[in-house]
Amino acid sequence: MATYECEVCGMSVNATCGKCDAPLENGSITLDNGSEVQVSKCPNEHGMIKSPLCCGQDRSCKAG
């Protein structure tokens, strides 16, 4: 399971899919302008969400 940790305060979060309860996996997508965005994806293709925010910035992923 991917663990997202705030580099400022140290708070961390794990996430699971609301449809199948599978642990979300860390990933990234490339936007039309070429920039990459970190996302959390359901391994069963139920979708993805942008990585969580904390202290005004994206949390970094610590795969676990």
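A residue is called buried when its relative accessible area is under 20%, exposed when over 50%, and partly exposed in between, using a 1.4 Å probe and protein chains only. The model examined here is predicted; local features need pLDDT of at least 70, side-chain atom pairs count only at pLDDT 80 or more, and totals for chains, interfaces and linings use all residues. Residues are numbered from 1 along each chain as its sequence is written, and side-chain values use heavy atoms, with hydrogens and water left out.

The cysteines come first. C20 is partly exposed, with a relative accessible area of 30%. C42 is buried, at 7% relative accessibility. A disulfide is a covalent bond between the sulfur atoms of two cysteines. Here a disulfide is counted when two cysteine sulfur atoms lie within 2.5 Å. The structure holds 0 disulfides.

Strands are DSSP runs of E with at least two residues, while helices are runs of H or I with at least four; both are numbered from the N terminus. Two strands pair if DSSP finds at least two bridges between them. Strands of a sheet pair through backbone hydrogen bonds, either parallel or antiparallel. In this model, 3 strands form an open sheet in the order 3-4-5, and the pairing is antiparallel. Strand 3 (25-30) and strand 5 (48-50) stand at the edges. Each has a single partner strand, so one side of each is left without a neighbour in the sheet. Neighbouring strands of this sheet are turned by 40° against each other on average, direction ignored. Such angles are taken between axes, which are lines fitted to C-alpha atoms (for helices, over the stretch in contact); they run from 0 to 180 degrees between N-to-C directions. Strand 4 (residues 36-41) is joined to strand 5 by 3 bridges. S40 has I49, in strand 5, as its bridge partner.

D21 is not a glycine, yet its phi is positive, about 65°. D21 lies in the loop between strand 2 (12-14) and strand 3. With 57% relative accessibility, D21 counts as exposed. C55 is not a glycine either, and its phi is positive at about 55°. The loop between strand 6 (53-54) and strand 7 (57-58) holds C55. At 47% relative accessibility, C55 counts as partly exposed.
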